[in-house]
Amino acid sequence: MIVGPAQPAPLVLARMSEPAQPLTDQAFIALHARCLRLLRQLAHAHEALAVIVPGTGTIALESIVVSLLDPDRPVLVISAGWWGDTWRDICRTCGYAADCITVGIGDNLDLAQLDAVLSEKPYQAVLVTHVESSTGLLTDVRAIAEIARRHGALCLVDGVAALGAETVDFSTWGIDAYMASPQKAIAAPAGLALTLLSHGALLALANRSWHSRSYSLDLARWVPVMHAVEEGRFGYFQTPAGSLLTGLSAALELIVREGTKERVERHRQLRRRLHAGLAEIGIRSVVDDESRQANGITVCWTPDERNASRLVSMLERIGVLVQVGTHPKVAETSFRIGHLGNVSSCDIDTTLDALCQIRRHG
Ligand SMILES: *Cc1c(COP(=O)(O)O)cnc(C)c1O
């Protein structure tokens with residue numbers, strides 16, 4: 001019951017044991033193309049360019065910054081916790097002037113405030129986290145994308161903890177870039193950076209009047225490779241992670257077979273079951289508002305302000321693996337439950353039983 005890496009399905013692991021193929025092999029190019037197509041399908045990003053490269057979610061976030069953003073223009077980060085702060089720090093480390101709107105724990109972003117802040121400076125982009133895994137907050141990306149667009153700013157979204165468990169409607173919401181990694185709600189092995197780019201983002205990449213400060217993370221160098229793959233041709237910038245693509249393709253096929261809508265609904269039901277059980281035991285979720293609770297991650301206050309590490313080790317002794325909090329302000333008094341990927345309602349019940357035992361017997 002951790003927030004990742006999620007346990008891949010046996011079929012995913014089995015497929016990964018197949019021998020490596022030469023990069024120029026038609027079968028390998030077709031496998032890569034299938035991953036690109038399925039990723040678009042999962043995010044309802046039918047006109048977007050999908051970019052799948054070796055890396056992690058963090059690398060995907062940094063890549064988008066150094067590839068798409070002009071180092072001489074300010075950016076606005078919305079941070080509701082650890083991952084929002086990470087994105088702000090990535091920008092600042094790479095030399096960008098990044099202002100930050102900080103959302104308090106369990107609070108909602110004030111959209112009027114966002115609108116006002118965007119009027120103050122010509123921000124080139126708004127950077128937002130779809131699901132903040134340090135609090136379990138689901139952010140209204142659609143509303144933020146709309147406000148960003150009105151101010152002529154790009155909307156870039158960290159969807160690492162969301163894609164595969166939440167509704168993502170890339171094209172309709174008007175998102176410019178959406179980043180994910182395989183080991184969370186997609187339940188494939190870690191090691192890939194997944195990015196979706198809108199037509200607007202591709203134009204911005206093609207028309208840069210500045211030089212990217214990174215060579216290996218520059219998405220502009222990957223664009224022709226992804227186009228080649230889509231057309232069934234070989235393209236090279238860096239060696240693709242072959243077995244990881246095989247695993248990702250199997251995991252995405254399982255998702256599509258389940259149905260993208262059905263999968264989100266399954267996670268919503270798991271979340272409801274968990275929250276109903278937690279309420280019965282008297283354990284509170286950090287996010288009160290049901291409409292803002294993430295489907296795949298729940299962060300709770302420890303009962304009786306108990307120390308989180310102690311609670312987590314007690315649960316582990318019973319056989320349930322959860323994690324201590326990561327939000328810098330509440331790490332000691334919160335713990336995280338992951339219900340991503342292949343977690344079942346039975347797993348939810350086992351977790352609730354374990355928590356119940358601890359509450360009853362101290
Ligand atoms: C896990 C996570 C990341 C980082 O992903 P890595 O693949 O570990 O780099 C980024 N953002 C969010 C919201 C996450 O939950």
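Predicted model: local features only at pLDDT ≥ 70, side-chain atom pairs only at ≥ 80, totals over all residues.
**Ground rules.** I number residues from 1 along each chain as its sequence is written, and I work from heavy atoms for side-chain values, with hydrogens and water left out.

**Entry 1, the chain as a whole.** I counted 13 helices and twelve strands in the protein chain, taking DSSP runs numbered from the N terminus (helices are H or I with at least four residues, strands are E with at least two). The radius of gyration, taken over C-alpha atoms, is 20 Å, close to the 21 Å that the globule rule gives for 362 residues, so the chain is as compact as a globular protein of that length. That rule is 2.2 Å times the number of residues to the power 0.38. Along its principal axes I find that the C-alpha trace spans about 65 × 55 × 30 Å.

I then looked up burial: 57% of the 362 residues count as buried, where buried means under 20% relative accessible area, with a 1.4 Å probe and protein chains only. The chain exposes about 14900 Å², and carbon and sulfur atoms supply 51% of that area, computed by the Shrake-Rupley method with a 1.4 Å probe. Among contacts (heavy atoms within 4.5 Å) between residues at least 6 apart in sequence, 72% join residues at least 24 apart.

**Entry 2, the ligand.** I listed 13 residues around the ligand, of which Gly57, Thr58, Ser133, Asp158 and Lys184 come nearest; a residue is listed if one of its heavy atoms lies within 4 Å. By class, I sorted this shell into four nonpolar, seven polar and two charged residues, with Gly placed among the polar ones.

For polar contacts I took pairs of N or O atoms within 3.5 Å; within protein, one must be able to donate a hydrogen and the other to accept it, and residues adjacent in sequence count only if both atoms are side-chain atoms. An N or O atom in the side chain of Lys184 lies 2.7 Å from a ligand oxygen, a backbone N or O atom of Gly57 lies 2.8 Å from a ligand oxygen, and a polar side-chain atom of Thr56 lies 3.4 Å from a ligand oxygen. Taken alone the ligand exposes 380 Å², and the protein buries 88% of that.

I found His339 in the loop between strand S12 (334–338) and helix H13 (345–361), buried at a relative accessible area of 0%. Its side chain reaches the backbone oxygen of Asn295 at 2.8 Å, and a polar contact of 2.6 Å joins the side chains of His339 and Thr298. Not counting residues up to four places away in sequence, His339 touches residues including His267, Arg271, Gly296 and Ile348.

I placed Thr135 in the loop between strand S5 (131–132) and strand S6 (137–138), and at 3% relative accessibility Thr135 counts as buried. The side chain of Thr135 reaches the backbone nitrogen of Leu137 at 3.3 Å. Beyond four places in sequence, Thr135 touches Ala80, Ile105, Val286, Val287, Val299 and His327.

I noted Leu197 in strand S9 (residues 192–197), buried at 0% relative accessibility. Leaving out residues up to four places away in sequence, I find that Leu197 touches residues among them Ala48, Ile64, Phe170 and Leu205.

Notes:
Buried < 20%, exposed > 50% of the residue type's maximum accessible area, 1.4 Å probe, protein only.
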